[in-house]
Amino acid sequence: MGLGESVRLALEGLRANKMRSILTMLGIIIGIGAVIGILTVGNGLTGSITGSMSSLGASNIMVSLQDKSDDFMPMMMYTLSEPEDEDLITNEMLDALRERYGQVIAGISLSETAGSGQAKDGRLYANLNVIGVNEDYRDVSSLDLLAGRWIQEKDIDGQRSVCVVSDKLVNNLYGGDMDAALGDELRVVLKEGDILTFRVVGVYEYDASASMSFSMASDKDVTTGLHIPITTAKHLAGAADGYSSLTIQAVPGADSAAVAADVQSFLNRYYKSNRDYSVMAMAMSSMLESMSTIMNTLSIAISVIAGISLLVGGIGVMNIMLVSVTERTREIGTRKALGATNNDIRIQFVVESIIVCLIGGIIGIILGTVMGYIGSTFISEPSYPTPGYIALAVGFSMAIGVFFGYYPANKAAKLDPIEALRYE
């Protein structure tokens with residue numbers, strides 16, 4: 001008996017016992033669907049996070065004060081306690097850094113949060129975060145200026161009340177008319193109740209992918225940054241002159257990882273005698289690689305856990321195949337009496353097991369693809385399973401069919417034809 005005949009007999013057996021076949025496939029469907037769905041969502045999440053980080057600049061270097069007691073988690077780049085004023089990175093340190101490594105540093109982005117609230121004009125409003133910035137902030141953050149100008153050195157030195165707003169804010173308050181926005185006095189009401197007034201000098205394009213968040217807010221309610229001179233922001237926030245974190249942009253073509261190491265070594269000279277803090281500098285490219293590795297490892301680990309259901313499904317297939325062998329004992333005896341060899345019987349049952357798992361695997365792939373697409377859509381990064389995942393799922397389904405189908409098939413092949421014919 002050829003392979004084609006074995007496949008035909010297997011399909012006829014499945015059609016004859018539809019409900020039992022579906023229940024047998026259920027474990028395979030759930031297992032394959034779960035693995036494909038998790039890997040697809042993991043791909044979407046990885047793409048979303050790395051995309052957001054990449055939008056901050058592949059050549060950027062994140063510099064932050066690091067609590068010396070937190071050396072076991074250097075990638076987190078945060079401190080458990082609030083640094084004192086004397087612990088902060090000063091402008092004098094940054095000037096020395098520029099002088100020493102000016103040939104590989106394109107810019108140093110500084111920022112200071114001065115609160116959040118709404119810009120209001122009657123019943124019109126726009127949600128915003130007030131962020132103090134320096135001149136280099138725009139280039140380092142890759143902001144696209146649509147109209148007007150950016151914050152300048154004279155604004156910073158004069159501690160002026162000027163601002164650069166997003167196109168979303170212009171749409172909400174000025175009906176999208178940028179000319180009307182430029183030069184206008186903008187009234188900002190902070191959550192604390194303070195009312196501030198800034199003159200609009202520029203409009204930039206809001207980029208949701210660079211916000212490092214998965215906000216589901218509408219365009220009307222989205223929160224964007226209102227950028228003001230950093231000296232103005234520090235005055236409003238009552239902040240010290242130094243910085244606990246900043247971003248450095250390496251010049252095109254420079255090895256950002258090497259620049260990060262040089263920056264960290266240079267700035268840590270100022271912290272040799274500091275018992276609490278040191279400086280941590282990490283290139284965005286290195287962070288992207290580490291993040292991708294972590295996310296991929298996490299996805300695989302969760303998939304392995306979900307894959308346990310495949311083992312349960314395989315055991316279910318083996319149990320059903322054993323029942324099928326028992327039910328078809330007389331059929332096996334008849335076929336052997338007509339000349340079927342042990343290998344013919346073995347192949348028939350193994351093929352039937354493979355087909356059960358293969359059909360279940362295909363259904364699971366379809367289900368996992370749909371679930372994965374829906375899940376990844378919620379994180380704003382719709383994703384599909386890669387061909388490699390699908391090929392792996394199909395191969396795994398067939399492997400389960402062979403592994404868990406061989407024992408029942410071998411048992412059927414070893415039946416004595418006379419005893420099988422006498423079986424009631």
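Accessible areas here come from the Shrake-Rupley method with a 1.4 Å probe. With that settled, a word on the model itself: it is predicted.

On that basis, the accessible surface of the chain comes to about 20900 Å². Carbon and sulfur atoms hold 58% of that surface. The chain has 424 residues, and 45% of them count as buried. As for secondary structure, there are 15 helices and 11 strands. If we take the contacts in the chain with a separation of 6 or more, 76% come from residues 24 or more positions apart.

Now to one residue, threonine 369. It sits in helix H13, which covers residues 342-377. Is threonine 369 buried or exposed? Its relative accessible area is 18%, and the threonine counts as buried because that value is under the 20% cut-off. The side chain of threonine 369 reaches the backbone oxygen of isoleucine 365, at 2.7 Å. Beyond its neighbours within four places in sequence, threonine 369 is in contact with Ile36, Tyr384 and Pro385.

Take Tyr384 from that list. Tyrosine 384 lies in the loop between H13 and helix H14, the latter being residues 387-413. With a relative accessible area of 54%, tyrosine 384 is exposed, whereas threonine 369, its contact partner, is buried.

Tyr384 also belongs to a nonpolar patch on the surface.

Methods. Residues are numbered from 1 along each chain as its sequence is written. This is a predicted model: local features need pLDDT of at least 70, side-chain atom pairs count only at pLDDT 80 or more; totals for chains, interfaces and linings use all residues. Side-chain values use heavy atoms; hydrogens and water are left out. Helices (H or I, at least four residues) and strands (E, at least two) are DSSP runs, numbered from the N terminus. Buried means under 20% relative accessible area, exposed over 50%, partly exposed in between (1.4 Å probe, protein chains only). Contact means heavy atoms within 4.5 Å. A polar contact is a pair of N or O atoms within 3.5 Å; within protein, one must be able to donate a hydrogen and the other to accept it, and residues adjacent in sequence count only if both atoms are side-chain atoms. Patches are made of residues with over 30% relative accessible area and no salt bridge: like charges are joined within 9 Å, nonpolar side chains (Val, Leu, Ile, Met, Phe, Trp, Tyr) within 5 Å. A salt bridge is a side-chain nitrogen of Lys or Arg within 4 Å of a carboxyl oxygen of Asp or Glu.
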